[in-house]
Amino acid sequence: MTDLALYRNIGIFAHVDAGKTTTTERILKLTGKIHKTGEVHDGESTTDFMEQEAERGITIQSAATTCFWNNHRLNIIDTPGHVDFTVEVYRSLKVLDGGIGVFCGSGGVEPQSETNWRYANESEVSRIIFVNKLDRMGADFYRVVGQVKKVLAANPLVMTLPIGIEDDFVGVVDLLSQKAYIWDDSGQPENYKVEEIPEDLKEKAAKYREQLVETAVEQDDDLMMAYMDGEEPSIEDLKRCIREGTRKLDFFPTYCGSAFKNKGIQLVLDAVVDYLPSPTEVDPQDLTDEEGQPTGEKAIVSADEPLRALAFKIMDDRYGALTFVRIYSGKLNKGDTILNSFTGKTERIGRMVEMHANERTELTSAQAGDIIAIIGMKNVQTGHTLCDPDHPCTLEAMVFPEPVISIAVSPKDKAGVEKMGIAIGKLVAEDPTFKVETDQDSGETILKGMGELHLDIKIDILKRTYGVDLNVGKPQVAYRESITKAVEDSYTHKKQSGGSGQYGKIDYRIRPGETNSGFKFTSTVVGGNVPKEFFPAIEKGFKSMMETGPLAGFPVLDVEIELYDGGYHAVDSSAIAFEIAAKGAFRQSLPKAGLQLLEPIMKVDVFTPDANVGDVIGDLNRRRGMIKDQEPGATGVRIKADVPLAEMFGYIGHLRTITSGRGQFSMEFSHYMPCPQNVAEAVIEEVKAKKAADK
């Protein structure tokens, strides 16, 4: 029976290109898990094992691996940085106890770092910060620490200081032990010496150590009183206080180094063991009922409790479907029967494996605190709870963002139709932000995702992994419809055709709802003119019509409907009659309520060299963008803007042209806004033309 206090479940997350995967590689090398370090730019890294990842030098899906440091077991998940794959970060953070936030020494706190940091805050994950790439041009550790305070509103607790910068970066000062760690030029992580702090850094080190001690002792009143009386706390006491503050998210221990040059990683690993919580020290997961409401109970992390586990990722590979599971409590043995509380069905555990990227080690049992993969589970999806059939429970579910972009695809030949269906089914099971639907009018298959790169990669996977060649249409924007004014109306549905007929009369008011309120139905009928038992049918009728709006067939957002009167017939009225009446009422009244088309607006963050700022802002304005903010940095300017998604297709190519390849950008969905009249007319016209062509 392993001691849970020796477990650390951690994730590594950051912006694109901050060096997460390289940091993971170095950790695996140092802990003896791999013997040769693979480089991302050579397409050789351990955790980027997909062909698409090796080619593009980016991480697409989170990879899990396990290693050991100082007798502690580290379960590590390396996550993607690109905004189109944020879901991988979100679902990984959901099941982790701690994390390493990696920031680029020259790029600093970048847009995706903010999103990931926000997710980690929402999941209440303790973190340490690693400022990487200090050997790079324009690297500045102190500037990045300032950005963490300003941009993330976080409290970084500086634990190490850099010795030298850019090409002269040779090591770090450990403020706790007041020693300097200096690496030689061999590039080997173990080739370092522990020396006295260099003269030119002594003053700075003393200042930062004082800040460190003052912040740490705030966690313990007795220590603080002793410190104020001039008593220096011991390193053990300081470590205990730092661990406590890190667990409570009061501050984030901050380290620096260069993963690529193998400098500073040992101290980060020590910090993971010293300061990040074990599974038993984290606030337990909330249990919810079937509706997703908290029950007030918690999933206590202990191997002696009934089994409770969360499936957080599904992955399909050459051996079949893998379900990644975090066990919160209890034990799981090969051959056990477990209950999926979402479907209400039981499944038998066939094979369990411990993952090391795409390699695996067979297991016969696992326990609370473990992150494992189960092979061959049938009906499990991301976010489902697996538990002991005698103690059913539901862990807090995951909420995923809605896709904002879609493309139409069709197989190039008839033989590919069935193959495409099976392959897309597998991809949808793996990724909750990737959706598929069939267009009722044209019969086309529509793929929906989080961005151009997201869909690009899915099509590449379909082609290479599953051998499905596709014809791909141009990207489509996920528009929405809504209303601008209130309408009071009445509708009667009656049908007489021998025998009992159908009758339902409703008087209702339709009005615009609050932003993001969705659909809301209320009833103020008095006197029983419409019996209560028909209310659900009326609500169902109205709600079913929200899927396709009358303007151009897009889903309708934010509508409130109030039923205030009506009439019924003792024989002819039925639930179905009132449901049909509600549908007819929706069709009749919505066009009178000032319909408008809404378009998705993206939060765009562009980095550009100083010389190109004017061109980039002019270009964003031409794309109907609203410039929100400009932040000058050491190597260029960050421009934040809100821009309609429809104007952002192919933007990366254009940005590279105007900035000679030095510009970068990221974007994520922000909100829906009414379309300008000319844009709305063009979209509606296009939809009508498409429908006519399909007929």
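First, the ground rules. This is a predicted model: local features need pLDDT of at least 70, side-chain atom pairs count only at pLDDT 80 or more, and totals for chains, interfaces and linings use all residues. Residues are numbered from 1 along each chain as its sequence is written, and side-chain values use heavy atoms, with hydrogens and water left out.

Now the overview. The chain has 16 helices and 38 strands. Helices (H or I, at least four residues) and strands (E, at least two) are DSSP runs, numbered from the N terminus. Of the 695 residues, 54% count as buried. Buried means under 20% relative accessible area, with a 1.4 Å probe and protein chains only. Next, contacts, meaning heavy atoms within 4.5 Å. Among contacts with a separation of 6 or more, 71% come from residues 24 or more positions apart.

On to helix H6, residues 199-217. H6 has 19 residues and spans 27 Å from first C-alpha to last, close to the 27 Å expected at 1.5 Å a residue. That expected span is 1.5 Å times one less than the number of residues. H6 bends by about 25° at Ala205. The bend is the angle between axes fitted to the seven residues ending there and the seven starting there. Ala205 is also one of the buried residues of H6, which include Leu201, Tyr208, Arg209 and Leu212.

What do the buried residues of H6 pack against? They meet helices H5 (141-152), H7 (221-228) and H8 (235-247), plus strands E6 (156-158), E7 (160-163) and E8 (171-174). H6 lies across E7 and E8, running at about 165° to E7. For such angles, axes are lines fitted to C-alpha atoms, for helices over the stretch in contact, and values run from 0 to 180 degrees between N-to-C directions.

E7 and E8 belong to an open sheet of four strands, ordered E7-E8-E9-E10, with antiparallel pairing. Two strands pair if DSSP finds at least two bridges between them. The edges are E7 and E10 (192-195), each pairing on one side only. Neighbouring strands of this sheet are turned by 25° against each other on average, direction ignored. Four bridges join E9 (residues 179-183) to E10. Tyr181 has Val194 of E10 as its bridge partner.

Back to H7 for a moment. Asp220 caps its N-terminal end, with a side-chain oxygen 3.0 Å from the backbone nitrogen of Asp222. Just after H7, Gly230 takes a positive phi of about 95°.

Next, strand E25, residues 405-411. Why call E25 largely enclosed by the rest of the structure? Because six of its seven residues are buried. E25 pairs antiparallel with E27 (residues 445-449) over five bridges. Ile405 stands opposite Gly449 in E27 and opposite Val477 in E29. Ser410 has Asn471 of E28 as its bridge partner.

Last stop, Ser278. Ser278 sits in the loop between helix H9 (265-275) and strand E12 (285-288). Is Ser278 buried or exposed? Buried, because its relative accessibility is 2%. Leaving aside neighbours within four places in sequence, Ser278 contacts Leu4, Ala5, Tyr7, Arg8, Asp97 and Arg243.

That's the tour. Questions, please.

How values were computed:
Buried means under 20% relative accessible area, exposed over 50%, partly exposed in between (1.4 Å probe, protein chains only). A polar contact is a pair of N or O atoms within 3.5 Å; within protein, one must be able to donate a hydrogen and the other to accept it, and residues adjacent in sequence count only if both atoms are side-chain atoms.
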